[in-house]
Amino acid sequence: MKTLKIAIQKSGRLNEKSVELLKNCGLNFENYKSSLISPVSNFPLEILFLRDDDIPEYVQDGIADLGIVGENMIEETEVDVDYLQRLGFGKCTLKIAIPNNSPVETLADLGGKAIATSYPAILEKFLVKNNIKADVRMISGSVEISPGLGLSDAIFDIVSTGGTLKSNGLKPFADVMSSEAILIGNKNIENKDLIEELIARIQSVLRAKE
Ligand code: PRT
Ligand code: ZN
């Protein structure tokens with residue numbers, strides 16, 4: 001039987017919960033931080049530890065059969081994969097935020113403004129839908145400091161507690177999408193029976209948590 005591959009985040013906000021979920025499914029594996037691949041000893045599965053940015057394409061291209069990643073990454077990379085199961089962790093909202101003293105009051109006021117983000121595709125879609133022509137500036141990290149540095153008039157980023165916005169003199173302005181971790185699958189998966197077995201185990205772990 002062909003061994004399945006599941007890609008999860010190597011380190012970061014989704015790593016611990018992803019590992020915990022798979023262990024709670026009864027899967028036996030070593031969570032070595034240094035290795036990229038861990039075999040599961042009691043299920044025909046290998047775990048690939050990757051940057052979250054790479055997971056959507058690895059699954060789309062069939063390098064991994066399955067993946068655990070934030071919905072925001074799927075939306076942003078616009079990959080063609082199956083949404084198999086919402087996982088209930090890694091919850092957050094992607095918001096447009098503005099400085100506390102910003103003159104922006106309505107969505108239309110964003111017209112002509114510079115918005116810094118690490119999620120340009122999601123933001124562009126939202127702007128087009130709302131008929132706003134703004135200047136989207138891609139920044140790969142520390143987006144929240146860009147208005148204070150005079151680099152942008154607004155930001156579009158992930159918010160969970162709102163603490164980071166607050167400490168940078170920003171306030172939430174518009175909610176664009178909510179996100180949580182999700183199990184995705186390649187569109188042409190061969191081992192349907194194995195996948196179904198794994199999804200059934202995941203669902204029973206999730207149900208036990210309710
Ligand atoms: O190294 P790698 O590329 O794998 O990881 P990463 O650094 O790109 O991502 P990581 O680990 O930060 O986040 C992985 C996923 O967790 C994201 O894609 C989201 O789906 C989800 N998630 C949930 C979050 C947050 N909550 C979150 N709060 N991702 C990021 N944040 C950041 C946000 O960018 C902002 O800087 O936390 C800050 C805001 O937090 P609050 O609580 O101050 O509002
Ligand atoms: Zn990343």
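Q: What makes strand 4 (residues 66-70) and strand 11 count as paired?
A: Five bridges join strand 4 to strand 11, and the two run antiparallel; because two strands pair if DSSP finds at least two bridges between them, five bridges meet the condition. Glycine 70 stands opposite alanine 181 of strand 11 in this pairing. The model is predicted, so local features need pLDDT of at least 70 and side-chain atom pairs count only at pLDDT 80 or more, while totals for chains, interfaces and linings use all residues. Residues are numbered from 1 along each chain as its sequence is written, and chains are lettered from A and ligands numbered from 1 in the order in which they are written.

Q: What is the sense of the pairing between strand 5 (residues 82-86) and strand 11?
A: Strand 5 pairs with strand 11 in the antiparallel sense over four bridges, and aspartate 82 stands opposite glycine 185 in strand 11. Both are called strands because each is a DSSP run of E with at least two residues (helices are runs of H or I with at least four), numbered from the N terminus.

Q: What makes strand 8 (135-138) and strand 10 (170-179) edge strands?
A: Five strands form an open sheet with mixed pairing in the order 8-7-9-6-10, and strands 8 and 10 each pair on one side only. Strand 6 (residues 92-99) pairs with strand 10 in the antiparallel sense over eight bridges, and the bridge partner of proline 99 in strand 10 is leucine 170.

Q: Why is ligand 1 said to lie between two domains?
A: Domain 1 (4-90 + 180-209) and domain 2 (92-178) both give residues to the shell around ligand 1, so ligand 1 lies between them; the domain bounds come from an automatic or database assignment. The shell holds 21 residues, the closest being Gly12, Gly70, Cys92, Thr161 and Thr164, and a residue is near the ligand if its C-beta atom, placed from the backbone, lies within 6 Å of it. The largest share, three residues, comes from strand 9.
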